[in-house]
Amino acid sequence: MVCSALRRVAHVRVYLVRTASSVSRGHQHPALGSRPATSESAARGALGSVVELLGQSYPQDDYSNLSQKVLSRVGRNLHNQQHHPLWLIKERVKEHFYKQYVGRFGTPLFSVYDNFSPVVTTWQNFDSLLIPADHPSRKKGDNYYLNRTHMLRAHTSAHQWDLLHAGLDAFLVVGDVYRRDQIDSQHYPVFHQLEAVRLFSKHQLFAGVKDGESLQLFEQSSRSAHKQETHTMEAMKLVEFDLKQTLTRLVTHLFGDG
């Protein structure tokens with residue numbers, strides 16, 4: 001059970017930026033402000049009707065496609081129920097990151113966010129991650145839409161933009177996510193992700209490298225509102241190495257040396 005759950009839970013992603021934030025870390029923070037899953041028909045209702053979810057009202061339109069069964073799963077927060085298998089995995093991952101990665105003042109480098117609402121805007125879920133408007137991942141057949149502007153998050157990455165723009169440069173996001181999958185032994189429309197994001201400054205990435213002062217994060221190319229410069233091969237290799245070490249240490253912490 002633990003191995004199966006971990007495949008769903010642990011998604012570690014590492015990103016590069018030109019500068020890093022100096023925001024201090026706390027142990028844990030509250031939230032900041034086409035395959036049908038079942039044979040049950042979607043709870044669309046008539047256009048102009050409203051869905052009440054987590055204390056908010058969402059007008060329905062031609063994009064609304066949530067079934068009552070999926071709606072009933074929202075708000076269960078299994079990953080926050082003490083002693084639930086998902087909670088146990090989350091706590092062990094947190095323990096590892098708190099002990100393994102410590103900031104210069106002795107506080108945990110990574111902040112943890114596990115209480116965000118699963119209802120996000122389509123901008124958060126797609127546009128903030130630079131997913132094109134015509135990308136197949138936006139299809140109604142693959143996502144649960146409350147309406148054209150709001151949906152159940154398809155990944156915890158929907159919260160990255162908000163956290164990065166709040167000044168954070170190392171954080172974990174844990175939560176339930178929703179995708180319209182056919183139910184079988186490996187798929188269910190509701191599952192959980194744990195995502196780690198860390199940003200590196202030039203100094204942080206090249207500090208231990210010989211002649212690191214002469215190395216650069218980016219190639220000499222242009223940056224636009226939708227795309228940053230290309231990373232140098234040296235930067236890519238160092239981040240790749242760091243990511244592999246991070247995953248190896250995490251798996252060893254969870255399952256032992258084997």
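This is a short exchange about how some terms apply to a predicted model.

Colleague: What should I know before reading the values?

Modeller: The model is predicted, so local features need pLDDT of at least 70 and side-chain atom pairs count only at pLDDT 80 or more, while totals for chains, interfaces and linings use all residues. Residues are numbered from 1 along each chain as its sequence is written, and side-chain values use heavy atoms, with hydrogens and water left out.

Colleague: How many helices and strands does the protein chain have?

Modeller: Seven helices and nine strands. Both are DSSP runs, numbered from the N terminus: helices are H or I with at least four residues, strands are E with at least two.

Colleague: Why is S157 called buried?

Modeller: Its relative accessible area is 2%. Buried means under 20%, exposed over 50%, and partly exposed in between, with a 1.4 Å probe and protein chains only. So S157 counts as buried. S157 sits in the loop between β7 (150-152) and α5 (160-165). Its C-alpha atom is 7.3 Å from that of N125, 32 residues apart along the chain.

Colleague: What share of the protein chain is buried?

Modeller: Of its 258 residues, 41% are buried.

Colleague: What makes a set of residues a nonpolar core?

Modeller: They must be buried Ala, Val, Leu, Ile, Met, Phe, Trp, Tyr or Cys, joined through side-chain atoms within 4.5 Å. The largest such core has 15 residues, and V93, F97, F110 and L172 have the most contacts inside it. Two or more residues come from each of α3 (85-100), β8 (170-178), β9 (190-200) and α7 (233-255). α3 gives the most, with four. Another core, of 13 residues, lies apart from it and includes V51, Y58, L146 and V190.

Colleague: How do you know that β8 pairs with β9?

Modeller: Pairing takes at least two bridges found by DSSP. Nine bridges join β8 to β9, so they pair, and they run antiparallel.

Colleague: Why is β8 called mostly covered?

Modeller: Nine of its nine residues are buried.

Colleague: How do you know that the span of α7 is close to the expected one?

Modeller: The expected span is 1.5 Å times one less than the number of residues. α7 has 23 residues and reaches 33 Å from its first C-alpha to its last, close to the 33 Å expected. Its buried residues are A235, V239, T246, L250 and L254. Just after α7, G256 takes a positive phi of about 90 degrees.
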